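Please read the following account alongside the sequence and the three-dimensional view.

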Amino acid sequence: MLSRSASLTNGHFFNAVLAAGDPYLGDGSVDLGDVILAIAKAIIAFVVLLVAVMLMVWFERKVVSRLQNRIGPNVAGPFGILQTLADGIKLFFKEDIIPTRADRFVFQLAPYLALVPAFLTFTIIPIAGDFSDGQNGAVTIFGRETFVQVADLPVGILFFLAMSSLAVYGIMLAGWSSGSKYPLLGSVRASAQAISYEAALGLSLASVLLVAGSLSTNEIVQAQAGEGFGGIIPRWNLIVTGLIPFVVFVISGTAELNRPPFDFVEAEQELVGGFHTEYSSIRFSLFFLAEFMNTVTMSAIIVTLFLGGPAGPNFGFLPGWLWGFVWFFLKLLIFLFMFVWFRATLPRLRYDQLMDLGWKVLIPLSLAWLLLLAAIRQARNGVWEYGGSAFNSTLLALAIGTGLTVIGVGLLGLAIRSARDERLRAAGLVAVAGVSDSGLEGED
Amino acid sequence: MVDIIVFLISAAIILGGAAGVIASNHPVHAALSLVATFFGVAVLFVQQSAHFLALVQVVVYAGAIVVLFLFVIMLLGVDETEDLTVEPLGGQRQLAGILGVLVLGLILGGLFVAGPGGDRGALALTGQQSKTLPIELDESESDVQLLAEDLFTRNVVAFEATALLLTIATVGAVVLVRNQGGEDVVVDEPGTASA
C-alpha cells in the first residue's frame, strides 16, 4: 500500500477509493478526470446522436416532400423543424398494446435490442479533430490528450460488424414474438437479407482495412489524411481502393439498413407494416429511432471508411478540431441526402432480385476485387521481383489478376446458367408428367 | 479487484445462460440464453485483452450461428411448446446427468491435481506439456497481428484445411438437401420459365 499512498496526498478521496479497489485505477494512471471524461463523452455522443436523428427525420420528410412536389412539415417550429418532437410526444402518449398471442418478455425486449446496437456503433466514429499536417486528430481536454470519439478500440471497425450483426436480433425477435403472421414473414426476410448482405459488407470493408493497415477507426482516418495525389485529389479510400468497394459497401449498407429500395422487411403492400405491425406507442417509436440512428451511423461509417472522416484542409480562423467537425458534417450530409434520394426515386426490388444481387454479383465482385487489390499491393511493395522493377511486377500482377478474374466470372456465369438449365429441365419434366402444371404459370 | 468483479458478473451471465438453454421450455428462449452465454464469454475475452477474439465471438456465434438457429426454429415452426414428457431416447436424461457430473469431476480433479500457477494444469489433464506457452509474445503487437501471424505461418496448413473442410461441408449440405426426385421444384427465375 505504500506505493499507492502517493495518490492519497492529492487529497482526492476518489483516488483513495479507487486505490483500495484496483491497482490499475489507483496508481495514478487513471484518475477522476479520465472517468469523468469517458462518461461525458458517452453522454455527449448520445445527445448528439439523438439530435441528429431528430433532424434526420425532419430532413428526410422535407426532402422527400420537395422531390414529390409537396411542401412537407411546415407548422411546428421554423420550417417544421420541431415536427419530429411533436410526433415523438404523440407516440409516447398513445396506448401501449401487447397482443394476447405475443411472447411478452421477448416482445418487450426486442425494441431495446434494436436500439442499443444502433447507438453503440456510433461510439467508434471520430466526428472531429485536426488531421491536417500529419496530426493524429487528438484534442486536449482537461490537460488530457484524447480523440473526439467515445472509444478508439484496437479492433474498431470489427465492432461495427459485430453490432450490425446483433441489430438483426431486434427485428427478428420483434417479428417472431408478435405472434402474428405478417410480422413473422417480415422478420424471416430481415434475417435472410441481413445474413446475405453482411458478407458483401465485410468483404468490401476488408479492402479498406488492407489499404489502411489498421482496424482502428482513428488510424483509418489518419491513413486518408494528408497530401493527396497531385495536391488536389484527396487520398481517400474511395480512390485508393478503386471505387468498387465503395459502391459495394453503399449498396450492401442500404440493404443492411432495410431502407428503400431494399425495404422488404416492412414492405407495406405485402406485409402490412412488416416486423413492427403489432407494435405501438413507445416501443414502436424505439424501432423508428433505431432505424434512423442506423441511417445516420451507416452514413458516418461510410464517411469514415471511404471519405477520410473528419480529415480535411485547415483554413485557419476556426480551431483545428472544429474544422474536422465541419468536414465530417459536410461529408455526412452527402450520404444522408443520398439515402433520402434513394427512397424518393427507387422502387422496391423483388425479393429474388435482392438475393441475386447479393449472392451472385456483390459477393463475387468484392471478393475478386479484394484479391486483385492484395496482389497489386504486394507487387508494388516489391515482394516479388519480376523484370527487375516493382512497376513490371505490378503490371504482371495486374495482367494475371485480370485474366483470373475473367476466367472466374466466366466459370461463375457458367455455373449459374447450368444450374438454371438443370432446374428448368426438372421443372419441364414435372410439367410433362402433369403433377404440377399450375405452379409454373405466371412466373414470366 | 475489478478483475474479480468483472469475472464474477460474466461468470454469472455465462452460467445463467447455460442453465437457461437447458431449462427453457421454449426453443427461442433457449437460443436467447445461448446468446447470453456467448456474450459472457466475449466479456471474459475482452478482460484478457483478446479484443479480436471477443468480437469474433460476437460476430460469428451470437451474430450468425444463433441467428441461423432462430431462422430454422421460425421456419420449421417448432416454436410451439413441445411435450417434454415424451422421451425420444430412453434414459437420456439420467445418462446426461451422470456424464455431466463425470466431466465436471474430471475438470475439477485436474485443477486440484495441478494446483495454482503455470501450465501444470494442462500437464495434469492431458499428460502433455502445453504447446501454447513457449511462444514468446511480443507485447507491443496487437492481438490481431499475433493471431494472424500464427494462423498464416505456423498453422497455415491446418487453417487452410479447415477452410476446405467447411467448403466441402457446405457443398455436401446442398447436395444432400437437393431434391433428387425432381418433384416440387419451384422455378424462381424470372423470364425463363415459359411454360
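What percentage of the 444 residues in chain A do buried residues make up? Buried residues make up 46% of them, where buried means under 20% relative accessible area, exposed over 50% and partly exposed in between, computed with a 1.4 Å probe on protein chains only. This is a predicted model, in which local features need pLDDT of at least 70 and side-chain atom pairs count only at pLDDT 80 or more, whereas totals for chains, interfaces and linings use all residues. Residues are numbered from 1 along each chain as its sequence is written, chains are lettered from A and ligands numbered from 1 in the order in which they are written, and side-chain values use heavy atoms, with hydrogens and water left out.

The secondary structure of chain A comes to 16 helices and two strands, these being DSSP runs numbered from the N terminus, with helices (H or I) of at least four residues and strands (E) of at least two. Contact here means heavy atoms within 4.5 Å; among the contacts in chain A between residues at least 6 apart in sequence, 73% join residues at least 24 apart.

Chain A is divided into domain 1 (97-348) and domain 2 (360-422), with bounds that come from an automatic or database domain assignment. The C-alpha centres of domain 1 and domain 2 of chain A lie 29 Å apart, and 16 residues of domain 1 are in contact with 10 residues of domain 2. The size of an interface is often given as the accessible area lost when the parts come together. Between domain 1 and domain 2 of chain A the buried area, which is the accessible area (1.4 Å probe) that two parts lose on being put together, summed over both, is about 1100 Å², and carbon and sulfur atoms give 82% of this area. On the side of domain 1 of chain A, Leu203(A), Leu210(A) and Ile244(A) lose the most area to domain 2, together 44% of what that side buries.

Across this interface of domain 1 and domain 2 of chain A, the rule finds zero salt bridges, a salt bridge being a side-chain nitrogen of Lys or Arg within 4 Å of a carboxyl oxygen of Asp or Glu. The elements that give two or more residues to the side of domain 1 of chain A that touches domain 2 are α8 (181-212) and α11 (244-256) of chain A, and α8(A) gives the most, with 10 residues.

Leu357(A) is found in helix α15 (residues 351-380) of chain A and is partly exposed, with a relative accessible area of 24%. Not counting residues up to four places away in sequence, Leu357(A) touches Tyr197(A), Ile251(A), Phe262(A) and Leu362(A); Leu357(A) and Ile251(A) are 106 residues apart in sequence and 9.7 Å apart in space, C-alpha to C-alpha. Ser280(A) has its place in the loop between α12 (268-271) and α13 (281-306) of chain A and is buried, with a relative accessible area of 16%. With residues up to four places away in sequence again left out, Ser280(A) touches Glu95(A), Asp96(A) and Ile97(A).

As for confidence, the predictor gives the complex an ipTM of 0.73 and a pTM of 0.80. Chain B averages a pLDDT of 77, pLDDT being the predictor's confidence in each residue, from 0 to 100. Over residues 191-195 of chain B pLDDT stays under 50. Where pLDDT is low, the predicted coordinates should not be read in detail.
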